[in-house]
Amino acid sequence: TAYSLQQPIANTITPTINSDGAPMNATMKRNNSRSERRNRRQRPESDDVIVIDSDEDVDGAFDGERNRKPAASSSAVATKTKKKAAASPIDLLESSDEENHENHSSHRQRKKKRKSSSLSNAEAADRELAERLQRDENLAAAKMANDARRKKRGAVKSSATNYRAASTDVKNRKEEQKLKGEQDKEYEHALLADQIRDIGHREAEGKERQDKEEKEDATLLKKAKEASVLGNAKALIERAGNEPPIGSNGVTRLRFGFPSGKKVDRCFHSTDTVETIRAFLIVHFYEQGIDIKNIGFSTNFPKRTFGEGDCNLTLEEAGLAPQAMVMVIDLDS
């Protein structure tokens, strides 16, 4: 069966059996030949004629250019039609079988071409798909690499920033520790200086207090000694008795010359000792308010100085009887 792209289906192959499957007789064949010639005369010429096998799928007849073949020219078709019209029915059947055989051969070749073409198209599609997948994988890998490099650069920048911040913090911390250490050292030095100063003050105060106490003790001791000396002197004068009158036997008259230039006369018994003269002077200075504590005396004629070793000598033994000029000396001056 042949189909035209522009016209309805037309029969091009003369069947050898009827629709019931029984073989056709000569009359039936002749009628079919007439019908075939009539159809050929009625079918207009077209540019493309598609010939398919009646046993194949009809849908495969419209797969584009693969099923198309150029139509024969009008003169060739007319010549071929005239030849078939002049031939006998048997010749027509034989020519129809030859045409069917040629159609089957050409159909098998086209089928092989379609299969090879479909295989090549499938391979090309697979290859294109593989290339597309490979491109996608390459793009994804490149994107991942770019992201990794970007993250790495960001991490490097972040680490550099963190390192600079950490370095700054460490430097500031070291400076703070150094400043704190210097301040602590200055505080320790100031505290030590204060402690030393306090110790010095306490020592000075202690020494001052000790000196004051010692001085007070010395003053008290001195006063006590003076009181003791004064008491002994008064007791000694009382034992010597009152001053004897001038001109009596055994009386020695002494004139005392003081450092101030004042002179005092006093009479003693010749048996009195030098210690009695010292006691008289002590009591006299105390009563007169004269500040002479350490007393010494001497004579000019004869020149003699009396010390503590001469306290037990009598006035006669000391050469002071019956009268003498005694110079009083302040030994502390």
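Phe268 counts as buried at 2% relative accessibility, where buried means under 20% relative accessible area with a 1.4 Å probe, protein chains only. Keep in mind that this is a predicted model, where local features need pLDDT of at least 70, side-chain atom pairs count only at pLDDT 80 or more, and totals for chains, interfaces and linings use all residues. Residues are numbered from 1 along each chain as its sequence is written, and side-chain values use heavy atoms, with hydrogens and water left out.

**Around Phe268**
- Phe280 is buried too, with a relative accessible area of 12%.
- The two rings, Phe268 and Phe280, have centres 5.6 Å apart and planes at 80°, so they pair edge-to-face (centres within 6.5 Å, planes over 60 degrees apart).
- This pair ties together distant parts of the chain, with Phe268 in strand E5 and Phe280 in helix H4, twelve residues apart (DSSP runs: H or I of at least four residues for helices, E of at least two for strands, numbered from the N terminus).
- Phe256, Phe268 and Phe280 make up one aromatic cluster.
- Arg266 sits over the face of Phe268, 4.6 Å from the ring centre (CZ of Arg within 6 Å of the centre and within 35 degrees of the ring normal).

**The sheet**
- Five strands form an open sheet in the order E5-E4-E8-E6-E7, with mixed pairing (strands pair if DSSP finds at least two bridges between them).
- The edge strands, E5 (263-269) and E7 (303-306), each pair on one side only.
- E4 (residues 251-257) and E8 (residues 323-330) run parallel, joined by five bridges.
- Arg255 stands opposite Met325 in E8.

How values were computed
Phe/Tyr/Trp six-rings, centres within 6.5 Å; stacked < 30°, edge-to-face > 60°. Buried < 20%, exposed > 50% of the residue type's maximum accessible area, 1.4 Å probe, protein only.
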